[in-house]
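Here's a quick briefing on charged pairs and a greasy surface stretch. Have the structure open as you read.

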Amino acid sequence: MRTRDLSYWLFLAPVLLALTLVVIIPMLLGVYYSFTSWNGIVTGGFVGLQNYIDLLKDERFLASLWFTTKFSVVSVILINFIGLSLALIVTSRIKSSKLLRTTFFMPNLIGGLILGFIWQFIFVKVFANIGQLMGIESLQGWLATTETGFWGLVILMSWQMAGYIMVIYIAYLEGLPQEVLEAAQLDCRNEYQRFRYVVFPLVAPAFTVSMFLTLSNTFKLYDQNLSLTAGGPYNSTEMVAMEIFKTAFTQNAFAYAQAKAVVFFVIVALVALVQVYINKRREVEM
Amino acid sequence: MQKKWNIRTEVLGVLLGILWLTPFYLMFVNSFKTKKEIFTDTTSLPEGWNIANYTEAFRELDFLQTLANSLLITVASVTLIIICSSMAAYSLSRAKSKISTVLFLAFVAAMLIPFQSVMIPLVTVFGNFEMLNRPGLVFMYLGFGASLSIFLYHGALNNISRSLDEAATVDGANRFQVFWFIIFPMLKPITVTVAILNIIWIWNDYLLPSLVINSPGSETLPLKMFFFFGEYTTQWHLALAGLALAILPVIIFYFFAQSAIIKGVSDGAVK
């Protein structure tokens, strides 16, 4: 097949059309809009960098960015720790391995919105109930404060995503060469050493993949945020994705929201690329 | 030493497994309680397993209609994604040239763009063409789903020898026939992966349908669930029954296809 054949272009046509209309044109238009005072109906004038200057002083936006960053860092560490632990458990010699894999993975099949509602019930009703029964004050009023909202989101995401990350680690763990593991069995004094010096370096590529996935998932989080806390109390658990949505569709500040969206894209792209770059370099060193 | 059955790990694993299922258990048992019972006690079993919550939630959610809407959107989108991205990946993998490389990189790079960055202009553009409806939504899913699907198909196609294409061409088959009768059947394992990854994502998607589908009666499950919750946050007995209903199709799907699902997800993430 050659690129000047008609069939080459016919085969490509539908996806090229879809990608152009759905991603490329909106992206270019979006960058253009971010320099205007567009409100969704009237294009408005060209305002240069005004939107970008404004968002640097926008406390609500900066707060959401900071909250998202904190949430991502904590979640990425926890999810990877739990995910790898679960993978190590189900790949060791146990009888319930297959059943456990199915169980740990299950939350990933159910949408973030629904999972958020389930956990809202648990935090608000079940926690309060148990708190009352056992006289534990700290179980009252979950999701009603910034702090409990933060940890609520972290718990929800860890519970949901750890099983997904587990599946990735399992794929790498099961691909490890058997003779290396057996040699490690002889050379290492205990299980911890075997894990630290042999298994862990060998699964480093899995870490690159899973960190990329957890980072981009937590950074772009919307559904769980909406259904668990809806950004409350007082917008203090509002993440960037939700903040952009509200700026656009509740305040009708379309151009301004779009400027935030462009900044968001740059941050997500930078974080993703830097992360992959650093991890790749580490892999080589090991 | 390693060959021995690891009883401590087994116990730890089972305990964690139970912990993992607790949220579903709590949702399930409480969905049978009355409003008053939930208010006083959420941890014990219900006094009577009344299904009144379910019949009411079923009606409020317009469950069969909503389920059919979700199925229609998901099946249509995933079918379209499979047909179009396998063909596109075939073109890109068979015609090695600068154009192919650039196009392939463009598709891969599109994966980096967060939805929020294109969301506002997307709604405006499609609104102008009166395409904020179900066909429009399916077309958008093609645009957003194509990247990863092409990437996966491209990898699989590079492992299929071109001599097959040539042999079939010598026998008189045209491009279309070569692809659909010779190559596509060989792509079955990766098609399963592509299908599963896209099904999970599209079935559960909330944000895009919330922006695109405006007409009552055509809502997908997550969308309907959101409206339902707005009215019922204080009526947890109904809300929980609604959640249980919404989860049921996924559990059935998982029960029948669990190994294919887990394999698909791991293949999709590792490649």
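A patch here is built from residues with over 30% relative accessible area and no salt bridge, and nonpolar side chains are joined within 5 Å. Keep in mind that this is a predicted model.

**Nonpolar patch on chain B**
- B:Trp5, B:Ile7, B:Val11, B:Val14, B:Leu15 and B:Ile18 make up a nonpolar patch on the surface, and together they have about 560 Å² of accessible area.
- One of them, B:Ile18, sits in helix α1 (residues 7-30) of chain B.
- B:Ile18 counts as exposed because its relative accessibility is 52%, and the cut-off for exposed is over 50%.

- Side chains of opposite charge can pair when their charged atoms come close.
- Searching the whole structure turns up seven salt bridges over all chains.
- In one of these, A:Asp58 pairs with A:Lys260 at 3.2 Å, N to O.
- That pair ties together distant parts of the chain, 202 residues apart: A:Asp58 lies in the loop between α2 (50-56) and α3 (59-91) of chain A, while A:Lys260 is in helix α12 (residues 254-285).
- A:Lys260 also forms a salt bridge with A:Glu243, with the closest N and O atoms 3.0 Å apart.
- A:Glu243 belongs to helix α11 (residues 240-249) of chain A, 17 residues from A:Lys260.
- Shared partners join A:Asp58, A:Glu243 and A:Lys260 into one network.
- A:Asp58 is buried at 15% relative accessibility, A:Lys260 is buried at 1%, and A:Glu243 is buried at 2%.

**Another pair in chain A**
- A:Glu238 and A:Lys246 meet in a salt bridge at 3.2 Å, N to O.
- A:Glu238 is buried at 1% relative accessibility, whereas A:Lys246 is partly exposed at 22%.

Key: Residues are numbered from 1 along each chain as its sequence is written. Chains are lettered from A and ligands numbered from 1 in the order in which they are written. This is a predicted model: local features need pLDDT of at least 70, side-chain atom pairs count only at pLDDT 80 or more; totals for chains, interfaces and linings use all residues. Side-chain values use heavy atoms; hydrogens and water are left out. Patches are made of residues with over 30% relative accessible area and no salt bridge: like charges are joined within 9 Å, nonpolar side chains (Val, Leu, Ile, Met, Phe, Trp, Tyr) within 5 Å. Accessible areas come from the Shrake-Rupley method with a 1.4 Å probe; for residues, only the protein chains shown count as cover. A salt bridge is a side-chain nitrogen of Lys or Arg within 4 Å of a carboxyl oxygen of Asp or Glu. Helices (H or I, at least four residues) and strands (E, at least two) are DSSP runs, numbered from the N terminus. Buried means under 20% relative accessible area, exposed over 50%, partly exposed in between (1.4 Å probe, protein chains only).
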